Amino acid sequence: MTETPRDTPPPTLSLADVEAVARAAHAAQTDKAGRPYSEHLSAVAAGVRARGGDDDQIAAAWLHDAVEDDALSGEWLEGAALSRRTKDIVRAVTKRAGEPPEEYAARILATPGALLVKEADLAHNADPARLAVLDAGTRKRLTEKYTRMRALLGLVGG
């Protein structure tokens, strides 16, 4: 019988496991257009991958709204078999009630790997095809919100 050295980190969830957890956690949720929320999570994960993100960032993309939307608790995140970096990114991109956008952006910028996840999230949120199905007032409000956040994060273009 072989013993595992005590300094070996515990195994982390695979990306497939993280995806399954995220899909299950958000199963009852829909986006503003009434589409299954998992479509947004999948698009953000694909956006992170397309931008050259690593497995920690892809895992964080699947979980980026889980704590904010109360789909999973902060306690779950803390105890989950995820890398410290993945957890840090998820915490960084989780908006806090009453938090000014400037503080939110500063936390993202201060957390290694978080900007790429937020960039992919904003890109999908601001997708003209997604926004087109919303009423004009909502579309205008969200477009302004996403444009402002991109500016605070130093992201240029659309």
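**View 1. The crossing of α2 and α3 is right-handed.** In a right-handed crossing the near helix is turned clockwise from the far one by less than a right angle. The model is predicted; local features need pLDDT of at least 70, side-chain atom pairs count only at pLDDT 80 or more, and totals for chains, interfaces and linings use all residues. The axes of α2 (residues 37–50) and α3 come within 8 Å and cross at roughly 160°, the axes being lines fitted to C-alpha atoms over the stretch in contact, with angles from 0 to 180 degrees between N-to-C directions. The two helices are therefore roughly antiparallel (over 145 degrees). From α2, the contact (heavy atoms within 4.5 Å) is made by Ser38, Leu41, Ser42, Val44, Ala45, Val48 and Arg49, and from α3 by Gln57, Ile58, Ala61 and Trp62. Helices are DSSP runs (H or I, at least four residues), numbered from the N terminus.

**View 2. Asp70 sits in the loop between α3 (55–63) and α4 (74–79).** Asp70 is exposed, with a relative accessible area of 69% (exposed is over 50%, with a 1.4 Å probe and protein chains only). The phi of Asp70 is near 60°, a positive value in a residue other than glycine.

**View 3. Thr94 belongs to the loop between α5 (84–93) and α6 (101–110).** Thr94 is buried, at a relative accessible area of 9% (buried is under 20%). Beyond its neighbours within four places in sequence, Thr94 is in contact with His64, Val67, Glu68, Tyr104 and Arg107. Residues are numbered from 1 along each chain as its sequence is written, and side-chain values use heavy atoms, with hydrogens and water left out.

Technical notes: Parallel < 35°, antiparallel > 145°, perpendicular 65-115°, else oblique.
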